[in-house]
Amino acid sequence: MSNYEEKIARELAEWQVTMQRNPSVSNAAIRKIQTKINSLLPNKLHQVITKVIKELTRAVLFGADFTTKPSTEVRSMMDIEEQVKDKINKYTSTATAEGAITGFGGFVSGLADFPLWLSIKMKMLFDIAASYGIDTKDYKERLFILHVFQLAFSSQKRRNEIYLIISNWEVQKDKLPTDINAFDWRSFQQEYRDHLDLAKLLQLIPGVGAVVGAYINHKLTNRLGKTAMNAYRMRRLSPGKMDLEKSKKALPKHRK
């Protein structure tokens, strides 16, 4: 294993521990607040989000709009991840600018932000997968991308469940439904929406919306990119399931 691979293995171990933390009391309190905010949002906004996520899920699973030709070059992990980091920076910058522009216009343009931002994030995931040599024409790889998305934007309880699936993907992928109608997109969009309610509500307010939109889009797009990196690192460096105890042992002593 190269020095770079040793370095990212340590980073991966830290991330794996984070993904497997137990839900805390604060998580439950935040969930209650999110539920309350959710009840205050305009019904039109709920309808837009639900429809957009449902249609985007269909596009991810069966469309060709996001597909990127996988890299076939034999490259080191360092070279691969330099390219991945460049892509994350590119998409994060695009999402930041888009959030500022749509946030500036208030409610109407704020609604337009949802499909635009979702498309940017999904395209980023497909491009990251291609950099790691993944063929996203494969239906199961598209399911993996949706699971990565869920991992980045879910409650800790749901995150624990999703992590168990992707950490043992070669086994778990064959247990997943092949029928899109069996995909639980309602829970998918609810978890995602709960993570965005307060931020996106502020983005709909003229004046502060531009600043909030830029900040939130930057922060969450970057988070998604880092989540994808670690998810593919796990498949490249740790074939099979890597459990919590192994992850902890890989951490520096002061981080345990």
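Read along the sequence, this protein follows the pattern α-α-α-α-α-α-α-α-α-α-α. That amounts to 11 helices and zero strands, in what is a predicted model. Of the 256 residues in the protein, 50% are buried. Among contacts between residues at least 6 apart in sequence, 85% join residues at least 24 apart. The accessible surface comes to about 12,700 Å², and carbon and sulfur atoms account for 57% of that area.

Let's turn to the charged side chains. How many salt bridges does a search of the whole structure find? The search finds 10, and three of them are set out here.

| Salt bridge | Closest N and O atoms |
|---|---|
| Lys7 and Glu11 | 2.6 Å |
| Arg158 and Glu161 | 2.9 Å |
| Glu161 and Lys157 | 3.3 Å |

Take the Lys7 pair to begin with. Lys7 and Glu11 sit four residues apart in helix α1 (residues 3-19), so about one helical turn separates them. Is Lys7 buried or partly exposed? Lys7 has a relative accessible area of 36% and is therefore partly exposed. Glu11 also counts as partly exposed, at 31% relative accessibility.

Helix α7 (residues 156-166) holds Glu161 and Lys157, four residues apart and so separated by about one helical turn. Glu161 also pairs with Arg158; being three residues apart in helix α7, these two are likewise separated by about one helical turn. Lys157 is exposed, because its relative accessibility of 53% is over the 50% cut-off. Glu161, at 33% relative accessibility, counts as partly exposed, and Arg158 is partly exposed with a relative accessible area of 23%.

There is also a negative surface patch to look at. Which residues form this patch? They are Glu73, Asp79, Glu82 and Asp86. Asp79 is found in helix α4 (residues 77-104), where the residue counts as partly exposed at 39% relative accessibility.

Why does Glu141 count as buried? Its relative accessible area is 9%, and buried means under 20%. Leaving aside residues up to four places away in sequence, Glu141 touches Ile134, Asp135, Thr136 and Arg235. Glu141 and Trp169 are 28 residues apart along the chain, and their C-alpha atoms are separated by 9.9 Å.

Definitions and conventions:
Residues are numbered from 1 along each chain as its sequence is written. This is a predicted model: local features need pLDDT of at least 70, side-chain atom pairs count only at pLDDT 80 or more; totals for chains, interfaces and linings use all residues. Side-chain values use heavy atoms; hydrogens and water are left out. Patches are made of residues with over 30% relative accessible area and no salt bridge: like charges are joined within 9 Å, nonpolar side chains (Val, Leu, Ile, Met, Phe, Trp, Tyr) within 5 Å. Accessible areas come from the Shrake-Rupley method with a 1.4 Å probe; for residues, only the protein chains shown count as cover. A salt bridge is a side-chain nitrogen of Lys or Arg within 4 Å of a carboxyl oxygen of Asp or Glu. Lys and Arg count as positive and Asp and Glu as negative; His and the chain ends are not counted. The place of a charge is taken as NZ of Lys, CZ of Arg, CG of Asp or CD of Glu. Buried means under 20% relative accessible area, exposed over 50%, partly exposed in between (1.4 Å probe, protein chains only). Contact means heavy atoms within 4.5 Å.
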